[in-house]
Amino acid sequence: GATVLPQLRSFQARIQQISDDVREISHRMHPSILEDLGLAAAMESLAQDLELASGVQVRFEATDVPEQVAQPVASCLYRVCQECVRNVMNHANAPAVQIRLARRGPLLELEVEDSGVGFDPLTVKQGLGTFSMMERVSLVGGTISVDSRPHQGTRVTVRVPLGPESEK
């Protein structure tokens, strides 16, 4: 047993290092636009960029969004929004996308809806993008639902608790 202990300590140190690296990377990945503009304005800017890049009409609407949204929540919603719109561009063949961000009591709700080809959730394998979105949302205590039917578009709804530091 005496030879195992140094190895375990070495693993422990390595795991701690990896954990620190991941934290640093995720902090670097937090778009500075969120800090500069706030969540609603950053999403509006994202919508405009995506519209220009793709030719798909991207409409953004914000209702009662707090000025200050906790960084993990803002980052999560921004990234999920990006991923949803990327999915629309790659798969939906949709002429338009509607992004809605609204405060609903203690929750912040993001809806991304398209008028594209849709899919049958039972037959379409969930890609890595969907998995990473679910993972992101669960990390901030939220829920995500995907509603789609063939030829009837897709709606992704994310609800995330605002938390105490997100007051107006």
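Strands E3 and E5 run antiparallel and are joined by eight bridges; valine 112 has valine 156 in E5 as its bridge partner. The structure is a predicted model, in which local features need pLDDT of at least 70 and side-chain atom pairs count only at pLDDT 80 or more, whereas totals for chains, interfaces and linings use all residues. Residues are numbered from 1 along each chain as its sequence is written, and side-chain values use heavy atoms, with hydrogens and water left out. Helices (H or I, at least four residues) and strands (E, at least two) are DSSP runs numbered from the N terminus, and two strands pair if DSSP finds at least two bridges between them.

E3 and E5 belong to an open sheet of five strands, in the order E1-E2-E3-E5-E4, with mixed pairing. At the edges stand E1 and E4 (143–148), each of which pairs on one side only. In general, strands of a sheet pair through backbone hydrogen bonds, either parallel or antiparallel.

E2 then meets E3 (residues 107–114) in an antiparallel arrangement with eight bridges, where glutamine 98 stands opposite glutamate 113 in E3. The hairpin of E2 and E3 has two residues between the strands, and glycine 105 takes a positive phi near 60° there.

What lies within the largest nonpolar core? A nonpolar core is a set of buried Ala, Val, Leu, Ile, Met, Phe, Trp, Tyr and Cys residues joined through side-chain atoms within 4.5 Å; buried means under 20% relative accessible area, exposed over 50%, and partly exposed in between (1.4 Å probe, protein chains only). The largest such core has 38 residues, and those with the most contacts inside it are Leu39, Met43, Leu77, Ile99, Leu101 and Leu110. Among the elements that give two or more residues to this core are helix H3 (39–54), helix H5 (128–139) and E5 (154–161), while H4 gives the most, with eleven residues. Contact means heavy atoms within 4.5 Å. Neighbours within four places in sequence aside, leucine 39 is in contact with residues including Val69, Leu77 and Leu101.
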